[in-house]
Amino acid sequence: MEFLLVLGIPLLGGIVLALFGHRQRATEVNIVFSFLTFLAAIALTKRIIDGGPERFYDEQFFIDPFNVFLVALTAFVGFTTSVFSRPYMRIEHDHGRLTSGRLRLYHSMFQLFMFTMLLALTTNNMGILWVAMEAATLTTVLLVSLYRTSASLEAAWKYFILCGVGIAQALFGTILLYFAAEKLLGHGGGALLWTHLDAVKGQLEPTVMSLAFVFLLVGYGTKVGLVPLHNWLPDAHAEGPTPVSAVLSGLLLNVALYAVVRCKVLTDGALHSTLAGTLMMGFGLLSVVVAAFFLSRQKDIKRMFAYSSVEHMGIVTFAFGMGGPVASFGGLLHMTVHSLTKSAIFFAVGHATQKSGTQLMEHIRGLLKISPTIGWGLMLGTLAILGMPPFGVFASEFLILTTAMRQQPWATPFLLVALGVAFASIFGKVQPMVFGESSLRTLPHKPAMLPVFVHLALVLMLGLWIPPYLADWYRQAARFIG
């Protein structure tokens, strides 16, 4: 029942808001559906952690500690984003940037986007996983182009083309996966069920599996934003509404990386080698280094934090590429704290850009004087994402770096230099935005800063103390992914 509610509530929400999303109370309806999805995710999480992995509906859906952890995180950030959206989208409507029809499109596509991500996380069928990722692309294309400006349409078109090409590579990889499995599992959909593939992964044809993983990594890696497949990400973040930037950085990138990790588990079992891990480490390290140096050149605040997302997803990809219990634990923790921190930053950035009427950092000054909550939210979020102790990002990066020093010492200098460059670039740009002089106006609606500080409080807690229940959850998930 809990599983059915996790998928059914956002799907129903998308249908209801497609009909009534233009009405004044649509923002509250969006919050209600998101909150109900979150409650269903909590119930499903408790059931899986207490009772172990489960399969649903003729094994078409499979829930284990790895994906239920992401289901809970996705539902929580989706709920807090819907809370933030309430004043943000009303201000956009009052300023004439959005019509009632586009508000209806936003609310319905937000719920359908949540549905597609939750479907991708819970399906046991690698073919349906591909379909869900493609559906997530289509819903977010409509969200990125919501303002209908030339820049937003260009960003949406670039997003659609690049991710379309990427998802085509993932489709070919999925076909190769089926080709490798059908000799063992027979024809039909059973040859694409992940649990069936996992049971026979040691017998899968190594050559076919190595080719399949390359295509799957390139395909899904495009949606993760790994360099050099990342070009869509800064534009999509900069030109879409800020709530969309929050869920893109905080959720979609995680779901795409989840697909890569599921494929890595199969490839490792088939090849009995480190090919998959080496490729992931290579793409991850390249992403960290390139994104760090791009950060220093940014003038648009949303583009800057988009490149920060590229950097952090590179760190997580590198961690999962190393493998092992500590690196996997660190990767899962970093996924969590990055999602919470980056979405909190985009919440604060959204209100800051509405106050100033621009996304150019040189024109945003003195946030602390005009609105202390926005100023402190942005500054604390920035310190957290830069890995300052005692925030959780420091803890996860420390785990990943110390593991790299032991397992991959050659990579450690590159990681340290990139993190140092990123720190100097971001902090040097954010500090005058928060503490400088300002003549900014007040907002017509009270900003929704509660989600910002709830997220940052959770990130702080995870840096100081990980609850035993949550730590055991991470350990179980780390064991499932090797």
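A: We start with one side chain in this predicted model. Relative accessible area sorts residues into classes: under 20% is buried, over 50% is exposed, and partly exposed lies in between. Phe215 has a relative accessible area of 25%, so it counts as partly exposed.

Q: Which element holds Phe215, and which residues does Phe215 touch, not counting those up to four places away in sequence?
A: Phe215 sits in helix α8, residues 206-224. An α-helix has 3.6 residues a turn, so residues three or four places apart point the same way. With residues up to four places away in sequence set aside, Phe215 touches Gln169, Ala170, Phe172, Gly173 and Leu176.

Q: How far apart are Phe215 and Trp232 in space, C-alpha to C-alpha?
A: The C-alpha atoms of Phe215 and Trp232 are 19 Å apart, and the two residues are 17 places apart in sequence.

Q: Trp232 belongs to α9. How many of the 8 residues of α9 are buried?
A: The burial count can be taken over a whole helix. In α9, 7 of the 8 residues are buried, so this helix is largely enclosed by the rest of the structure. The buried ones are Trp232, Leu233, Pro234, Asp235, Ala236, His237 and Ala238. Their cover includes α5 (126-144), α6 (150-185), α8, α10 (242-271), α12 (301-322) and α13.

Q: What does the protein look like as a whole, in elements and in radius of gyration?
A: The protein has 19 helices and 2 strands. Its radius of gyration is 21 Å, close to the 23 Å that the globule rule gives for 482 residues, so the protein is as compact as a globular protein of that length. Along the principal axes, the C-alpha atoms fill a box of roughly 70 × 55 × 45 Å. Buried residues account for 62% of the 482. Of the contacts between residues at least 6 apart in sequence, 81% join residues at least 24 apart. The accessible surface is about 16,900 Å², and carbon and sulfur atoms hold 68% of that area.

Q: How does the lining of the second largest pocket divide by class?
A: That lining has 3 nonpolar, 9 polar and 4 charged residues. The second largest pocket holds about 260 Å³. Glu92, Arg97, Thr353, Gly357 and Gln359 lie nearest its centre, out of 16 lining residues. The helices α3, α9 and α13 each supply at least two residues of the lining.

Q: How many cavities of 30 Å³ or more are there?
A: A cavity differs from a pocket in that the probe fits but cannot get out. There are 4 cavities of 30 Å³ or more. The largest has about 60 Å³ of space, and its lining includes Phe62, Trp194, Tyr258 and Arg262. Both α5 and α10 give two or more residues to that lining. The second largest cavity has about 50 Å³, and α10 gives the most to its lining, with 4 residues.

Methods
Residues are numbered from 1 along each chain as its sequence is written. This is a predicted model: local features need pLDDT of at least 70, side-chain atom pairs count only at pLDDT 80 or more; totals for chains, interfaces and linings use all residues. Side-chain values use heavy atoms; hydrogens and water are left out. On a 1 Å grid over the protein atoms alone, a cavity is a set of points where a 1.4 Å probe fits but cannot get out, and a pocket is an open set with protein on both sides within 12 Å along at least five of seven lines; lining residues have an atom within 4 Å of a point. Grid points are joined across faces, edges and corners, and a volume is the space filled by probe spheres set on the points. Ala, Val, Leu, Ile, Met, Phe, Trp, Tyr, Cys and Pro count as nonpolar, Asp, Glu, Lys and Arg as charged, and the others, Gly among them, as polar. The radius of gyration is taken over C-alpha atoms; the globule rule is 2.2 Å times the number of residues to the power 0.38. Buried means under 20% relative accessible area, exposed over 50%, partly exposed in between (1.4 Å probe, protein chains only). Contact means heavy atoms within 4.5 Å. Accessible areas come from the Shrake-Rupley method with a 1.4 Å probe; for residues, only the protein chains shown count as cover.
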